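Keep the viewer open and turn the model as you read.

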Amino acid sequence: MAVVMATLAFTVFLFVSEIIRVDLAAILILVIVGILSYVPGLENLADVNHLFDGFASNAVISIIAVMIVGAGLDKTGIMNKVAAVILKRGGTSETRVVPIVSGTVGVISSFLQNVGAAALFLPVVSRISARSGIPLSRLLMPMGFCAILGGTMTMVGSSPLILLNDLIRSANDTLPADAQMAEFGLFSVTPIGFALVATGIIYFMLLGKFVLPGKVDKVDASSGQGTSDYLQRVYGLKADVYEVDVPAESPLVGQILADINLENNLYIISTYYKGKVSMVQILTAEIAAPCRLAIIGKGVIVEAFAKKYGLTIRPSLDVFSEEFAPTNAGIAEVVIPPDSKLIGKCPRDLLLRKTYGLSLLAIHRGEDTLSHVEYGDHKPTAIGLVPFQAGDMLVAHSRWENLVRIKRDRDFVVVTADFPQEELRPQKVGVALFFFAISLSMILFTDVRLSLCLLTGAVGMLLTKVLTIDEAYRAVGWNTVFLLASLIPLGQAVQNTGTAEWIAQQILTLLDGWPIWALQGGVAILATAFSLVMSNVGATVLLVPLAVSIAVAAGGNPAVFALTVAISTSNSFIIPTHQVNALIMGPAGYKVTDFVRSGGIMTVLFLVVSMVMLNIVY
């Protein structure tokens, strides 16, 4: 037990100091526990024949499977649509986006395992971050914490609550008739869980700006960028994309797009007509109304244009929001190589937009820049009629999926390097949702092991080519897998050597004779501490019988004490040992100190709110 406690202390030191990466620290602890098990007298520290069983554990396989399922859904583009809906409701305000995302994940995790809900929303939150400009580190922790909190809203939301009724049945076999406990129904804990989720959301809304890290990374010049970012950097223009309503009676109706662009020193880049959004493919097309236009230009110029033709400028992008999201499209730089077949041909002859999906904004040629948008000393040029020359750099707005195809075309050299190069498969959305529904149904309505339920959906997506097997491998966060799997033997050592039981007995002996509410609080704190260094399932199995014995001896309600343990083992926010915390740590670039700072306050709030609600409800 002394060796186990020393190893625990060393683990905590490595995590907090971050002398080495957290996942490497976990692997180091795995090696130390394994080697110490060969030392005479420490043979029972760990079973060396099962030292690596954590890599095949239900929790780790579940995380791998849920990452693949989430990646499959993301590949169909459905997560883009979810992100668009959230942004439409919450805009780009952190105080509005955080409660919408966190509340949604909290509800989902009340029926889906919390790590599944978090993994499912990870790509959604990434897209929201990219499109709203809110740093990912300010969104993922509220989402992850509320995924953990949401697991306390139903009896199927977390593994400890799923186990609780089984443990109650076992405990009833040893209890007298007057102390028998009733089992809990599916929604018995909903008021408690709802209060905890609400507390988490309010906490981050009020204190988020103080406790959350928030770094904004600099954008590399060769990376795919949003339209306004690029125009500001290259041209010094504070230009943006505007959505404009064109009424049926507008004098703009019937005019040719190319002429409108050149005469008004702006760029009509997309149209919305008869319920359909489409990038303008032929600049010789005429305006038909009523319609909406997406226009790139300086604010004052677009306002003057709208006033001239009786148009209405919308305050923000609506029907074009998906089209111009930085995760979907942006400014790309493409060079015409010396052997290109396009040399000598002009964009209008080539139908550049229709053929390649490139909306040409400018041509950099030597020291000159040709553009029909006036800026500085540069006068507007009808670039649609300018023949291409070898070495021309084209500045164009493009959907990233079009740029992926152009990258394979030998007539172009794509300079823009860092852009989303995944090809979405929207035609597979029905298949992906079908297999996701199968997994979810198996989780909710069968007794099949969680990992097998999730793997069923994952394999279904792979067989139907929603994802390729290589994409599935890339979708897995292996740092998360190694972090969790490597810590499992330490948790087992804490339990198997009797260390956990000894600690529990010592603490509960100290609490002997205290009032019932204090005993209940002591049980909650003990469950919280144990869940940080061992699996929440292990902590629940160990502490529920002890808590029931204390309640019976003190004249308390044993069922409430048992429920206190099962809920408190979800109070895992201080260090990234919980599956959800491990999942979000890498993508957001969190340090252990970030969890200590934000999670420390959340831990105290969890204890207070759960104790108050348990005593109000029961």
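How many of the seven residues of β6 are buried? Six of them are, so β6 is largely enclosed by the rest of the structure. Here buried means under 20% relative accessible area, exposed means over 50%, and partly exposed lies in between, with a 1.4 Å probe and protein chains only. Helices (H or I, at least four residues) and strands (E, at least two) are DSSP runs, numbered from the N terminus.

A word on the model before going further. This is a predicted model, in which local features need pLDDT of at least 70 and side-chain atom pairs count only at pLDDT 80 or more, while totals for chains, interfaces and linings use all residues. Residues are numbered from 1 along each chain as its sequence is written, and side-chain values use heavy atoms, with hydrogens and water left out.

Now for the neighbours of β6. The strand belongs to an open sheet of five strands in the order β8-β7-β9-β6-β10, and the pairing is antiparallel. Because β8 (368-370) and β10 (413-414) each have a single partner strand, they stand at the edges, and one side of each is left without a neighbour in the sheet. Two strands are said to pair if DSSP finds at least two bridges between them. On one side, β6 is joined to β9 by seven bridges in the antiparallel sense, and you can find Ile 331 with its bridge partner His 397 in β9. Towards β10, two bridges join the antiparallel strands, with Val 334 partnered by Val 414. Continuing through the sheet, β7 (residues 358-365) and β9 (residues 393-399) are antiparallel as well, over six bridges; look for Leu 358 opposite Ser 398.

Helix α15 (residues 400-407) lies across β6 (329-335), β7, β9 and β10, and runs at about 130 degrees to β9. Such angles run from 0 to 180 degrees between N-to-C directions, with axes fitted as lines to C-alpha atoms, for helices over the stretch in contact.

Follow the chain on from β6 and you reach Lys 345, in the loop between β6 and α13 (347-350). Leaving aside residues up to four places away in sequence, Lys 345 touches Leu 350, Val 386, Pro 387 and Phe 388, where contact means heavy atoms within 4.5 Å.

Another strand worth a visit is β4 (residues 291-298). Seven of its eight residues are buried, so β4 is largely enclosed by the rest of the structure. Strand β2 (residues 267-273) runs antiparallel to β4 and is joined to β4 by five bridges, with Thr 271 partnered by Leu 293.

Most residues other than glycine have a negative phi, and most peptide bonds are trans. The peptide bond from Ala 289 to Pro 290, however, is cis, with omega near 5 degrees; Pro 290 sits in the loop between β3 (276-279) and β4. Lys 274, in the loop between β2 and β3, has a positive phi of about 55 degrees and is exposed at 72% relative accessibility. Lys 465 has a positive phi near 65 degrees; its place is in the loop between α17 (450-463) and α18, and it is exposed at 61%.

Which residues does Val 476 touch, not counting those up to four places away in sequence? They are Ile 64, Met 67, Ile 68 and Val 481. Val 476 lies in the loop between α18 (469-475) and α19 (478-496) and is buried at 6% relative accessibility. Although Val 476 and Ile 68 are 408 residues apart along the chain, their C-alpha atoms are separated by 6.7 Å.

Finally, step back to the whole chain. Its secondary structure comes to 25 helices and 10 strands, and 53% of the 618 residues count as buried. Residues 24 or more positions apart account for 76% of the contacts with a separation of 6 or more. The C-alpha atoms fill a box of roughly 90 × 55 × 45 Å along the principal axes.
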